[in-house]
Amino acid sequence: MTNAIAPKPGILDIAPYQGGESHVPGMRDVVKLSSNENPHGPPDSAREALRKVAHLLHRYPDGSHATLRRAIGEVHGLGPARLVCGAGSDELITFLCTAYAGPGTEVVHTRHGFSMYRLSALAAGATPVEAPETERRVDVEATLAAVTERTRLLFVANPANPTGTMLDGAEVTRLADGLPPHVLLVLDGAYAEYVEGYDGGAALAGARDNVVMTRTFSKIYGLGGLRVGWAYGPAPVIDALNRVRGPFNLGTPQIAAAEAAMHDRAYVARSRSENARLRAWMADALAGIGVPSDPSFANFLLARFGTPAEAEACDAHLRSEGLLVRRVAGYGLPDCLRITVGDEAACRRVVHAVSRFKEGAV
Ligand SMILES: *Cc1c(COP(=O)(O)O)cnc(C)c1O
């Protein structure tokens with residue numbers, strides 16, 4: 001055997017993305033709270049749209065995603081020419097790294113930032129660089145200090161995953177203002193819809209030539225299985241992303257269902273208010289039994305335990321009760337568990353199970 005055929009440098013440094021678990025061997029009726037999915041599933045409007053396009057599957061999709069971009073533009077008040085859609089926001093993160101990063105360049109993310117930033121940077125041959133956070137929150141100054149002349153992209157999710165914390169508008173502006181002109185700030189707004197009145201960074205991405213915003217249909221829209229995301233930003237950035245994008249990266253069902261979901265404002269509003277109510281209830285109840293969490297702006301809580309061993313033992317107990325949450329040791333948070341805000345019954349079961357665990361009753 002020779003090593004004549006080898007992947008490019010960086011590829012073998014990629015540890016495959018670990019998704020949230022959805023099964024426990026031998027157990028039925030598990031409650032999946034490990035992937036920040038909408039517990040109420042997709043809106044009926046999206047299911048109906050899917051049914052309607054079933055007879056069109058022999059036709060190639062509209063490669064320009066015109067109807068979907070128009071729907072997003074109408075709802076968010078954004079010009080469709082500055083929107084681009086991808087197979088999940090994951091694909092847009094990949095496009096950004098493909099277009100702007102490569103060997104000899106650096107991609108900055110923060111200590112507990114979403115792992116796809118690092119993976120996509122490595123796949124593009126770039127070097128991922130980690131900036132420290134302060135108390136599980138993005139630290140503007142520390143992040144800017146991690147930027148060098150080799151930096152091309154800076155990824156910040158706001159609200160962040162897995163911490164659930166958020167920068168305010170002034171902090172995000174300070175971040176954008178503090179970057180040298182060769183660095184593009186990517187504001188990942190995967191959870192933006194959960195924050196009442198927040199635009200996800202759209203105004204900044206509309207006004208600056210160094211800011212782009214990514215969004216997804218995977219979270220509040222309940223369409224993670226469909227794979228649709230979008231980005232809004234400066235015309236030259238959108239042009240670059242369109243050049244690296246495959247011409248038919250979204251299928252007809254994706255375009256149709258996402259368009260219907262985008263117009264379903266009642267579904268989004270209901271999901272947001274229900275999430276806020278149950279998130280507050282669950283955070284208070286867990287804090288009351290000695291499991292604190294930072295104020296979360298998203299659809300999950302980062303529950304903190306005394307030690308990594310305690311977090312691991314609680315995870316095992318929850319699993320034995322059919323409740324799947326997310327261990328986040330890989331994100332540098334070994335004493336924490338990330339728990340998606342489920343429906344009311346799921347939240348009650350989680351609190352009950354953690355409470356029994358803390359009492360030492362299990
Ligand atoms: C879930 C999530 C996404 C969404 O990814 P999709 O590919 O759109 O499903 C993006 N960024 C962050 C931080 C997330 O948590």
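Start at the ligand: one of its oxygen atoms is 2.6 Å from a polar backbone atom of Ser89, a polar contact in the sense of two N or O atoms within 3.5 Å. Next, select Asp90, where a polar backbone atom is 2.9 Å from an oxygen atom of the ligand. Taken alone, the ligand exposes 390 Å², and the protein buries 93% of that (accessible areas by the Shrake-Rupley method with a 1.4 Å probe).

A note on what you are viewing: this is a predicted model, in which local features need pLDDT of at least 70 and side-chain atom pairs count only at pLDDT 80 or more, while totals for chains, interfaces and linings use all residues. Residues are numbered from 1 along each chain as its sequence is written, and side-chain values use heavy atoms, with hydrogens and water left out.

**The shell around the ligand**

The space taken by the ligand is the second largest pocket (a pocket is an open set of points on a 1 Å grid over the protein atoms alone, with protein on both sides within 12 Å along at least five of seven lines; lining residues have an atom within 4 Å of a point). About 450 Å³ of space lies in this second largest pocket. Of its 26 lining residues, Tyr17, Ser35, Ser218, Lys219 and Arg227 are the closest to its centre. Helix 3 again gives the most, with 4 residues of the lining.

**The largest pocket**

Move on to the largest pocket, with a volume of about 560 Å³. Select Tyr17, Gln18, Ser115, Gly330 and Tyr331 to find its centre, as these are the closest to it among 26 lining residues. Helix 4 (115–123) and helix 11 (308–320) are among the elements that each supply at least two residues of the lining.

**A last stop**

Finish with the largest cavity, which holds about 80 Å³ of space. Its lining includes Glu37, His40, Tyr194 and Asn299.

How values were computed: Polar contact = N/O pair within 3.5 Å; in protein donor to acceptor, adjacent residues only side chain to side chain. 1 Å grid on protein atoms, 1.4 Å probe; cavity = no way out; pocket = protein on both sides within 12 Å on 5 of 7 lines; lining within 4 Å. Sits in = over half its atoms within 2 Å of the grid points. Points joined across faces, edges and corners; volume = space filled by probe spheres on them.
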